[in-house]
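Hi there,

Here is the structure we talked about handing over. Have a look at it first, and then read on for what turned up.

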Amino acid sequence: MIYKSIADRLRLRLNSIDFAIGSPLPGEKKLASEFGVARMTIRKAVDLLVDDGLVVRRHGSGTYVARKDIHHETSSLTGLAEVLRKQGKEVVSRVIAFELMPAPPAIASILRIKIDERIFFSQRIRYVDDKPLMLEDSYMPLKLFRNLSLSHLEGSKFDYIEKECGIIISGNYETLTPVLADTQLAGLMNVPEETPLLRITSLSYSDNGEFLNYSVMFRNASEYQVDYHLRRVQARSSSDQEPE
């Protein structure tokens with residue numbers, strides 16, 4: 001349903017740095033014009049955000065951001081190659097698969113596109129200082145990246161998306177799971193079977209709420225360290241709350 005899709009896109013927008021807790025949402029008329037739908041459709045989309053506690057309606061005033069999804073509140077989003085190159089490490093990507101394919105139902109659902117819509121599938125191994133650090137399977141909609149090429153994948157996807165395509169990457173959903181390398185993974189990563197690996201699923205989205213790239217990555221846990229800097233936003237006391 002279209003109002004659910006609009007709610008998803010508004011949710012991504014609200015979780016970006018463009019909106020702070022207490023910020024007002026654009027009015028229904030403006031949102032209806034932006035999305036090309038009726039105001040009733042916008043109202044139903046906002047109702048979903050209200051039900052989730054992300055926004056609140058204030059009678060005679062408007063709709064305001066009440067809270068954000070916790071898993072969006074990270075310090076920053078930086079590509080792996082960007083981080084490691086700043087550390088003086090050489091990053092090389094070897095592409096072992098690159099093809100156009102119809103989107104399977106599961107991938108279509110994640111990217112919010114139609115089943116069998118054409119997507120790019122790629123598989124690449126990222127090497128750091130000649131050691132295989134990460135195996136990545138990636139899915140990108142053809143409609144957004146029609147000139148994606150092998151040379152782009154051998155470099156930085158972030159650079160390609162932002163600098164060449166002019167798309168702003170606003171944020172990223174990530175899920176991290178420890179796994180043990182099976183025979184195929186062990187061979188590709190050049191590690192013994194049963195080696196601990198970190199499985200990471202990553203879903204990037206743009207500043208207008210479009211999903212850009214879904215990746216499933218396996219990283220060598222013995223060769224990779226993740227440091228997080230997470231800021232805690234203190235809840236305001238009842239005396240600090242604005243009057244309704």
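At what angle do helix 1 and helix 2 pack, and how far apart are their axes? Before the answer, a word on the source: this is a predicted model, in which local features need pLDDT of at least 70 and side-chain atom pairs count only at pLDDT 80 or more, while totals for chains, interfaces and linings use all residues. Residues are numbered from 1 along each chain as its sequence is written, and side-chain values use heavy atoms, with hydrogens and water left out.

**The helix pair**

Helix 1 (residues 2–14) packs against helix 2 (residues 28–35) at about 110 degrees, and their axes are 12 Å apart. Because of that angle, helix 1 is roughly perpendicular to helix 2 (65 to 115 degrees; under 35 is roughly parallel, over 145 roughly antiparallel, and the rest oblique). Axes here are lines fitted to C-alpha atoms, for helices over the stretch in contact, with angles from 0 to 180 degrees between N-to-C directions. Helices (H or I, at least four residues) and strands (E, at least two) are DSSP runs, numbered from the N terminus.

On the helix 1 side, Ile6, Arg9, Leu10 and Arg13 meet Leu31, Glu34 and Phe35 of helix 2; contact means heavy atoms within 4.5 Å. By type, the residues of this contact are four nonpolar, no polar and three charged (nonpolar: Ala, Val, Leu, Ile, Met, Phe, Trp, Tyr, Cys and Pro; charged: Asp, Glu, Lys and Arg; polar: the others, Gly among them).

**Aromatic pairs**

How many aromatic pairs does the structure hold? There are five, counting rings of Phe, Tyr and Trp (its six-membered ring) whose centres lie within 6.5 Å, with planes under 30 degrees apart called stacked, over 60 edge-to-face and the rest tilted. One of them is the stacked pair of Phe98 and Phe120, 5.5 Å centre to centre with 20 degrees between the planes. This pair links distant parts of the chain: Phe98 sits in strand 3 (residues 91–102) and Phe120 in strand 4, 22 residues apart. Phe98 is partly exposed because its relative accessibility is 31%, whereas Phe120, at 8%, counts as buried (buried is under 20% relative accessible area, exposed over 50%, partly exposed in between, with a 1.4 Å probe and protein chains only).

Phe121 and Tyr139 have ring centres 5.3 Å apart and planes at 40 degrees, so this pair is tilted. It also links distant parts of the chain, with Phe121 in strand 4 and Tyr139 in strand 5 (residues 131–141), 18 residues apart. Phe121 is buried at 13%, and Tyr139 is buried at 14%. Together with Tyr214, Phe121 and Tyr139 form one aromatic cluster.

**Around Leu135**

Is Leu135 buried or exposed? Leu135, in strand 5, is buried because its relative accessibility is 4%. Not counting residues up to four places away in sequence, Leu135 touches residues including Ile96, Gln123, Leu185, Met189 and Phe218. Leu135 and Arg199 are 64 residues apart in sequence, with their C-alpha atoms 9.5 Å apart in space.

**Two backbone details**

Arg112 has a positive phi near 60 degrees, in a residue other than glycine. Arg112 lies in the loop between helix 5 (105–111) and strand 4 (118–128), and at 49% it is partly exposed. Glu194, also not a glycine, has a positive phi of about 75 degrees. Its loop runs between helix 8 (183–189) and strand 7 (196–206), and Glu194 counts as exposed because its relative accessibility is 52%.

Happy browsing!
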